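Let's take a quick tour of a few spots in this structure. Have the sequence and the 3D view handy, and follow along one topic at a time.

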Amino acid sequence: MSDMIPVLDLGPLRAGVPGALERLGGQLRRAFTEVGFYFVRNHGIDQALLDETFEAAERFHAQPIDAKLAMKINEHNIGYMPLRGATTRVNAVGDVALPNANEAVFFKRELPGDHPDVLANVRFRGRNQWPQDLPGFREQVLRAMDAFEGLALSLLPIYAHALDKPADFFAPFFTEPMYTLRMSHYPQQEPTAPENEFGIAPHLDTSFMTILAQNRIPGLSLRLSTGEWIDAPAPEGALLINGGMMLRRWTDNRFMATPHRVINRSGKERYAIPFFFDASYRAVMTPITADGSKGRMEPITYPDFMTGYQRSNFHHAAEKEEKIELQGA
């Protein structure tokens, strides 16, 4: 494992060892002021659940294209995005990139049809679309999202300590957190493919927290503050976590959002199941400054942030109008 990416062991915290929270807070602070990524061990998510979720992603993408297009991505960023259906218009390092060589399907919190936000057609609060002919798929996705959400919520006290706040500081902002599970398929890229063709071009996530279950097919790399790109390892039993622009903004730019990319020249099909985790839809996020003074930017809510970001960064093809694909919206 690269020693450039810090490793946080959650075992002592989960066991109630005195001082564990404080130690992890210091380690997290280092991670987000030096690298922008970290690993967690002893996180409590069973490997079998992760393996089964990867298998579910593979099953979904093995369907005929017509079955997938029946779930075409909508204004809530829920559903299927075809291969090369998104281009990173303004990516993280200024490169001009070809359309991303991946296809993906997006799921959010499962809302009932009579939920007030569903009835009001609130943006990013729509109902999930599910495949018709994949028995057990919906149940597997919901189990995975529940597990990832539980882990993310358990990490919030560590984030609070890293910012010198009480352990329960973030709790009111995450009463019903927004999240998105993205199931991505990266086909093999030819060795002769152009240098500006990426599985996904260099970018910053939008999220407060992204949890990535590592698979055994390489391709992910991240850009250090020196400008050097390093490959992200896939250590046994660990999850990779990073922060996005929401975390950076909320911490008054004290915590990093690190560019990363995927290039799949492994000669194999690659799948990924990142989980993007954010505050509750209507939570007002006021920048958390070191001394309590006014932050660099104004307070913002999730929909305001995502809508503004959407207009300037990504698009995916549609017949009549340009639409936008976001990693975590």
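**A loop with an exposed glutamate**

- Glu195 sits in the loop that links strand 6 (177-186) and strand 7 (200-203).
- Keep in mind that what you're looking at is a predicted model.
- Is Glu195 buried or exposed? Glu195 has 77% relative accessibility, so it counts as exposed, because the cut-off for exposed is over 50%.
- Now find Ile263: in sequence, Glu195 and Ile263 are 68 residues apart, yet in space their C-alpha atoms are 9.8 Å apart.

**A buried histidine**

- For a contrasting spot, head to His115, which lies in the loop between strand 5 (103-108) and helix 5 (116-119).
- His115 has a relative accessible area of 17%, so it is buried, because buried means under 20%.
- Which residues does His115 touch, once you skip its neighbours within four places in sequence? They are Arg125 and Glu176.

**Strand 9 and its two partners**

- Strand 9 (residues 220-223) pairs with strand 12 (residues 260-262) in the antiparallel sense, over three bridges.
- Within that pairing, Leu222 stands opposite His260 of strand 12.
- Strand 9 also runs antiparallel to strand 10 (residues 229-231), and three bridges join them.
- Ser221 has Asp231 in strand 10 as its bridge partner.
- Strand 9 and strand 10 make a hairpin, with five residues between them.
- Look for Gly227 in the turn of that hairpin: its phi is positive, at about 95°.

Conventions: Residues numbered from 1 in each chain as written. Predicted model: local features only at pLDDT ≥ 70, side-chain atom pairs only at ≥ 80, totals over all residues. Heavy atoms only, no water. Helix = DSSP H or I, 4+ residues; strand = E, 2+ residues; numbered from the N terminus. Buried < 20%, exposed > 50% of the residue type's maximum accessible area, 1.4 Å probe, protein only. Contact = heavy atoms within 4.5 Å. Pairing = 2+ DSSP bridges.
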